[in-house]
Amino acid sequence: YLQAEDRKRKPRPLLSLGLSETLDDSTLIVPAPRRRVPLPSLAANDAEVSVGGETYRLSPAALQVLAYLIEHHAAPLRTLKVTFAATIEPAALHDAVRELARKGLAGPASSGSDP
């Protein structure tokens with residue numbers, strides 16, 4: 001029952017104005033889903049993710065980053081770079097974070113947000 005309810009629960013609203021200019025290693029990135037949601041297995045191609053009754057198509061890198069963020073509740077960009085250094089190039093990692101932000105699935109923590 002709880003998993004079904006979590007799938008329907010709307011993600012927390014995140015504000016992402018000018019994210020590309022504000023991304024530095026200390027930027028804390030938080031996931032929009034407030035609790036775990038089922039994510040597809042990591043694949044070589046884009047995958048669909050359902051959050052809050054909405055379906056999002058994510059690149060493999062964005063899916064990996066979202067899974068990590070949900071598992072750890074938040075992470076500084078520096079931690080994401082270290083964690084994915086062997087599998088995601090730095091530019092692709094930035095792109096994945098921006099992709100999640102554009103789709104409202106992750107973003108920088110604000111002083112009033114709860115990671």
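Q: What does contact mean here?
A: Contact means heavy atoms within 4.5 Å. The model itself is predicted.

Q: OK. What share of contacts between residues at least 6 apart in sequence join residues at least 24 apart?
A: In the protein chain, 64% of them do.

Q: How many helices and strands are there?
A: The chain has five helices and five strands. Starting at the N terminus, the order is α-α-β-β-β-α-β-α-α-β.

Q: Which strands form the open sheet, and in what order?
A: Three strands, ordered β4-β1-β5, with antiparallel pairing. The edges are β4 and β5 (106–108), each pairing on one side only.

Q: How many bridges link β1 and β5?
A: Three bridges, in the antiparallel sense; β1 covers residues 28–31. As for P31, its bridge partner in β5 is A106.

Q: What does α3 touch on the sheet?
A: Helix α3 packs on the sheet and touches β1, β4 and β5. The direction of α3 makes about 90° with that of β1.

Q: Switching to backbone angles. What is the phi of H73?
A: About 75°, so a positive phi, although H73 is not a glycine.

Q: Where is H73?
A: H73 lies in the loop between α3 (60–72) and β4 (75–76).

Q: Why does H73 count as partly exposed?
A: Because its relative accessibility is 48%. Partly exposed sits between the buried limit, under 20%, and the exposed one, over 50%.

Key. Residues numbered from 1 in each chain as written. Predicted model: local features only at pLDDT ≥ 70, side-chain atom pairs only at ≥ 80, totals over all residues. Heavy atoms only, no water. Helix = DSSP H or I, 4+ residues; strand = E, 2+ residues; numbered from the N terminus. Buried < 20%, exposed > 50% of the residue type's maximum accessible area, 1.4 Å probe, protein only. Pairing = 2+ DSSP bridges. Axes fitted to C-alpha atoms, helices over the stretch in contact; angles between N-to-C directions.
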